[in-house]
Amino acid sequence: MAEKTIRILGIESSCDETAAAIVEDGRHIVSDFISTQIDIHKQYGGVFPEVASRQHVLAVYPVIDEVMSKAHMSFSDIDAIAVTRGPGLAGSLVVGMNAAKGLALSTGLPLIGINHLEGHIYSSWVYSDRDEEIPPEPEFPAIVLLVSGGHSEVILLRDHLKYERLGGTLDDAAGEAFDKTARLLGLEYPGGPSIQKASAGGNPDAYQFHVAKMPGTYDFSFSGVKTSVLRTVQKLQKNGEELNVPDLAASFQKSVVSILFEKTMKAAREYQAKNIVIAGGVSANKCLRDTFLNDQNEFRVFIPRLAYCTDNGAMIGAAGYRRFIAGQRDNLDMDVFPNWPLSRVSL
Ligand code: KG4
Ligand code: ZN
């Protein structure tokens with residue numbers, strides 16, 4: 001007899017996207033929907049937490065209704081509700097958490113709290129009916145490069161849900177470096193896509209921006225790159241020269257991507273990884289994707305499709321499945337955990 005399909009409703013509201021999805025067996029996205037607040041936060045040059053939580057309140061139930069109706073499903077077709085517990089903005093997390101608790105209480109379905117970073121990692125497992133065939137899934141051990149707005153880490157993934165942090169940023173996260181550098185170049189929020197766009201046609205070798213490498217470790221630092229962009233901009237302005245934003249953006253992007261590539265490849269060789277998995281919003285970056293997905297790369301590299309690089313509900317549904325089959329069930333008194341590191345996630 002065929003095994004029963006497990007369907008998880010994943011809910012995500014950690015930052016500025018309200019998202020939900022129904023995911024089967026940790027991989028197949030039946031339906032998903034993302035309501036983004038980017039246009040609202042653009043005017044503030046970053047996420048305005050108070051505004052974000054109020055927008056989540058408006059969006060959360062309509063987004064869930066949308067995925068249920070797109071899937072033509074009712075709660076009797078669902079096996080559990082997975083929700084992002086942290087890390088993220090407290091006021092945003094509580095909205096998704098309370099919606100999930102309300103649904104769990106009214107339907108009797110199990111509730112599972114998910115670490116947002118774990119969710120990003122599981123974006124590499126999902127596929128939808130838009131994919132022509134079922135894509136392969138990453139094999140273990142895998143080296144994960146997790147690069148988002150708040151985190152940049154190199155992780156050894158020995159098996160499902162088994163992480164070992166090898167290193168990461170000592171200061172700014174990769175996405176944060178993109179966002180801050182974009183701001184000082186006068187580009188709009190979010191900085192990653194703006195820098196990528198501005199770099200097109202720019203010369204990546206026009207400037208040499210310094211990245212601290214921390215030899216012998218998997219650590220790196222981005223605050224120096226940001227400062228050297230700032231110094232260069234100030235010098236150009238002082239000399240009355242015009243800023244060549246495409247050259248500045250392309251050179252900055254190249255230095256960030258090179259260090260991420262170097263450290264990830266080093267870890268993959270050292271731990272004889274079968275695969276490299278890239279996760280988090282910065283994995284949407286074209287320069288980063290082209291660098292890793294090079295034909296010459298000795299490792300097979302998994303990077304989510306663009307729609308699943310940044311925050312989404314499918315990644316929470318996929319991670320929720322792994323935790324569901326591992327037996328995790330959370331209580332209705334579960335609280336959000338805004339500073340929850342992956343190293344403190346237990347099985
Ligand atoms: O994973 P994510 O959606 O949210 C967090 O968990 O932080 O990541 C958002 C980050 C932002 O810093 C944004 O600038 C960056 O991902 N990002 C990019 C690109 N698209 C989004 N960075 C570089 N290039 C991109 N194309
Ligand atoms: Zn994220």
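## Cis peptide bonds

In this predicted model, Pro190 is found in the loop that runs between helix H5 (174-184) and helix H6 (191-199). The peptide bond that joins Tyr189 to Pro190 is cis, with omega at about -5°.

A cis peptide bond also joins Gly86 and Pro87, and here omega is about -10°. Pro87 has its place in the loop between strand E4 (80-86) and helix H3 (90-107).

Most residues other than glycine have a negative phi. Against that background, Leu161 has a phi near 65°, a positive value in a residue that is not glycine. The place of Leu161 is in the loop between strand E8 (152-159) and strand E9 (162-168).

Met214, although not a glycine, likewise has a positive phi, of about 45°.

## Accessibility of the positive-phi residues

Is Leu161 buried or exposed? The relative accessibility of Leu161 is 9%, and because buried means under 20% relative accessible area, Leu161 counts as buried.

For Met214 the relative accessible area is 24%, so Met214 is partly exposed, a class that lies between the cut-offs of under 20% for buried and over 50% for exposed.

Terms used: Residues are numbered from 1 along each chain as its sequence is written. Chains are lettered from A and ligands numbered from 1 in the order in which they are written. This is a predicted model: local features need pLDDT of at least 70, side-chain atom pairs count only at pLDDT 80 or more; totals for chains, interfaces and linings use all residues. Side-chain values use heavy atoms; hydrogens and water are left out. Helices (H or I, at least four residues) and strands (E, at least two) are DSSP runs, numbered from the N terminus. Buried means under 20% relative accessible area, exposed over 50%, partly exposed in between (1.4 Å probe, protein chains only).
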